[in-house]
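Hi,

Here is the structure I promised to pass on.

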Amino acid sequence: ACPQPNKSATQQRGFSVERAYPPAAIRREIEGRVTATYTIGPDGSVSNVRINSADPPGYFESAVQREAQRMRFQPALRNCQPVSEERDLNVEFKLN
């Protein structure tokens, strides 16, 4: 039997702003914010990363897409079966 038949996905490897920060943005001292939506697959991988907004546009979108796909999850369960789950991602790029 399955002890927890329905549960949300749990993160195993998170999003690293430090690794994702684009070198060109660091050199120009640009900070920003990106919101995205992504899918966690039944295997725990991340796909279908969609950028909802980026401020300023043109600096951080591809970095967020690349880094989001590196995240890993324990997949969500429905009736003890692994299923896909949609999640939102809000990333703030700030220089120290």
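**What I found**

Cys-80 is partly exposed, with a relative accessible area of 28%; "partly exposed" sits between buried (under 20% relative accessible area) and exposed (over 50%), using a 1.4 Å probe and protein chains only. Before going further, a word on the source: this is a predicted model, where local features need pLDDT of at least 70 and side-chain atom pairs count only at pLDDT 80 or more, while totals for chains, interfaces and linings use all residues. Residues are numbered from 1 along each chain as its sequence is written, and side-chain values use heavy atoms, with hydrogens and water left out.

**The disulfide**

Back to Cys-80: its partner is Cys-2, and the two form a disulfide with their sulfur atoms 2.4 Å apart. The cut-off for a disulfide is a pair of cysteine sulfur atoms within 2.5 Å, and the count comes to one. The angle about the S-S bond is -110°, and the link of Cys-2 and Cys-80 is left-handed. This pair ties together distant parts of the chain, 78 residues apart: Cys-2 is in the segment before S1, and Cys-80 is in the loop between strand S5 (76-78) and strand S6 (81-83). Helices (H or I, at least four residues) and strands (E, at least two) are DSSP runs, numbered from the N terminus. Cys-2 is also partly exposed, at 27% relative accessibility.

Gln-4 lies in that segment before strand S1 (10-13) too, and is partly exposed at 44%. For Ser-62 and Cys-80, 18 residues apart along the chain, the C-alpha separation is 35 Å.

Which residues touch the most other members of the largest nonpolar core? They are Phe-15, Tyr-38, Val-64, Leu-89 and Phe-93, out of 21 residues in that core. A nonpolar core here is a set of buried Ala, Val, Leu, Ile, Met, Phe, Trp, Tyr and Cys residues joined through side-chain atoms within 4.5 Å. S2, strand S3 (46-55), helix H3 (61-68) and strand S7 (85-93) each give two or more residues to this core, and S2 gives the most, with four.

Setting aside neighbours within four places in sequence, Val-64 is in contact (heavy atoms within 4.5 Å) with Phe-15, Val-34, Ala-36, Ile-51, Leu-89, Val-91 and Phe-93.

The buried residues of H3 are Glu-61, Ala-63, Val-64, Glu-67 and Ala-68. Seen down the axis of H3, they fall within an arc of 165°, so they line one face of the helix; the arc is that of the directions from the helix axis to the C-beta atoms. These buried residues pack against helix H1 (17-20), S2, S3 and S7. Ser-62 also lies in H3, but counts as partly exposed at 42% relative accessibility.

**Aromatic pairs**

There are five aromatic pairs. Rings of Phe, Tyr and Trp (its six-membered ring) pair if their centres lie within 6.5 Å; planes under 30 degrees apart count as stacked, over 60 as edge-to-face and the rest as tilted. Tyr-38 and Phe-73 make a tilted pair, 6.1 Å centre to centre with 35° between the planes. Tyr-38 is in strand S2 (residues 32-40) and Phe-73 in strand S4 (residues 72-74), 35 residues apart. Both Tyr-38 and Phe-73 are buried.

Tyr-59 and Phe-60 have ring centres 6.3 Å apart and planes at 45°, so this pair is tilted. Tyr-59 is partly exposed at 30%, whereas Phe-60 is buried at 0%. Ring pairs link Tyr-21, Tyr-59, Phe-60 and Phe-93 into a cluster.

**Salt bridges**

How many salt bridges are there? The count is eight, taking a side-chain nitrogen of Lys or Arg within 4 Å of a carboxyl oxygen of Asp or Glu. Arg-50 and Glu-86 meet in one of them, at 2.6 Å, N to O. That pair joins strand S3 to strand S7 across 36 residues.

Glu-85 bridges to Arg-78 with the closest N and O atoms 3.8 Å apart; Glu-85 is buried at 12%, while Arg-78 is partly exposed at 37%. Finally, Glu-31, Arg-33, Glu-92 and Lys-94 are linked in a network of salt bridges.

Cheers
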